[in-house]
Amino acid sequence: MKRIRFMILRNILIFPYLYIKLLILGKYDCFTEEQRYRHIRKITEHANKGGRVDIKSYGIENIPKQNGYILFPNHQGLYDVLTIIATHINPFSVVMKKELMKNATLSKVFIAMKAYAIDRNDIRQSMQVINQVSEDVVKGRNFLIFAEGTRSKEGNKIGEFKGGSFKSAVKAQCPIVPVALIDSYVPFDIPSIKRVCVKVVYLAPIYYEEYKSMKTTEIAKMVQNRIQSTIYEYEKK
């Protein structure tokens, strides 16, 4: 990937410090979630600047003031999480597929974020993660879950949102925050180092009173439709 190599090259002097501190933050529990997240945001800032990626954010005011919510963005690629970290001030963690832990760099970020790796082929383990996330959200932690389960390979056209992805939100009775990502596949999927612009739009949160009588499949469809409509609205701005 040309842009990843370009990012590393332009941050070659500071990269060792950022990486070593990331390892320390992930290894020891004496650090707060705010401290870990602050450093991850610093890494993201350097990555965006070095990779010539501009991020435009909309709807920041829609992010709940009180912690204990789950972000549900569409999934376009490896740059998605970086895009949201760059624009989201409140610390959050991630629920991701276990295969990503094989990535040497990403795994260190996820460890520092105290993320949960889910095994989609192990129902019991998946339920344990769902229950743990809901407990953490009730305690005030924020999470990001990709409801498509895997990345879309059709650019800004999103895939089907899975109802099971919303079980943690229903169990925690927490706000659901739909997030529309536009062109976040471009930085790593397009073989170029030309300056690119990625957009992220935070939609109005969906509170428990609005979805408590709905099935998770209905919630998934509602969130999917709202995100896709937002992408159509913002992709030409």
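This is a predicted model: local features need pLDDT of at least 70, side-chain atom pairs count only at pLDDT 80 or more; totals for chains, interfaces and linings use all residues.
Visitor: What makes residues 123-138 count as a helix, H6?
Guide: A helix here is a DSSP run of H or I with at least four residues, and H6 has 16. From first C-alpha to last, H6 reaches 23 Å, close to the 22 Å expected at 1.5 Å a residue.

Visitor: Why do the buried residues of H6 line one face of the helix?
Guide: Buried means under 20% relative accessible area, and in H6 that label goes to Ser126, Val129, Ile130, Val133, Ser134, Asp136 and Val137. Looking down the axis of H6, these residues fall within an arc of 165°, so they line one face. In general, an α-helix has 3.6 residues a turn, so residues three or four places apart point the same way.

Visitor: Which residues are exposed on the other side of H6?
Guide: Arg124 and Val138 are exposed there; the label calls for over 50% relative accessible area.

Visitor: What covers the buried residues of H6?
Guide: The cover includes strands S2 (70-73), S3 (93-97), S4 (116-118) and S5 (143-145), along with helix H7 (167-172).

Visitor: What makes the approach of Asp122 to Arg124 a polar contact at the start of H6?
Guide: The cut-off for a pair of N or O atoms is 3.5 Å. A side-chain oxygen of Asp122 comes to within 3.2 Å of the backbone nitrogen of Arg124, so the pair meets that distance limit.

Visitor: And what follows H6?
Guide: Gly140, with a positive phi near 110°.

Visitor: How many residues does H6 give to the lining of the largest pocket?
Guide: Six, the largest share of that lining. The pocket holds about 1400 Å³ of space.

Notes: Residues are numbered from 1 along each chain as its sequence is written. Side-chain values use heavy atoms; hydrogens and water are left out. Helices (H or I, at least four residues) and strands (E, at least two) are DSSP runs, numbered from the N terminus. The expected span of a helix is 1.5 Å times one less than its number of residues. Buried means under 20% relative accessible area, exposed over 50%, partly exposed in between (1.4 Å probe, protein chains only). The arc is that of the directions from the helix axis to the C-beta atoms. Contact means heavy atoms within 4.5 Å. A polar contact is a pair of N or O atoms within 3.5 Å; within protein, one must be able to donate a hydrogen and the other to accept it, and residues adjacent in sequence count only if both atoms are side-chain atoms. On a 1 Å grid over the protein atoms alone, a cavity is a set of points where a 1.4 Å probe fits but cannot get out, and a pocket is an open set with protein on both sides within 12 Å along at least five of seven lines; lining residues have an atom within 4 Å of a point. Grid points are joined across faces, edges and corners, and a volume is the space filled by probe spheres set on the points.
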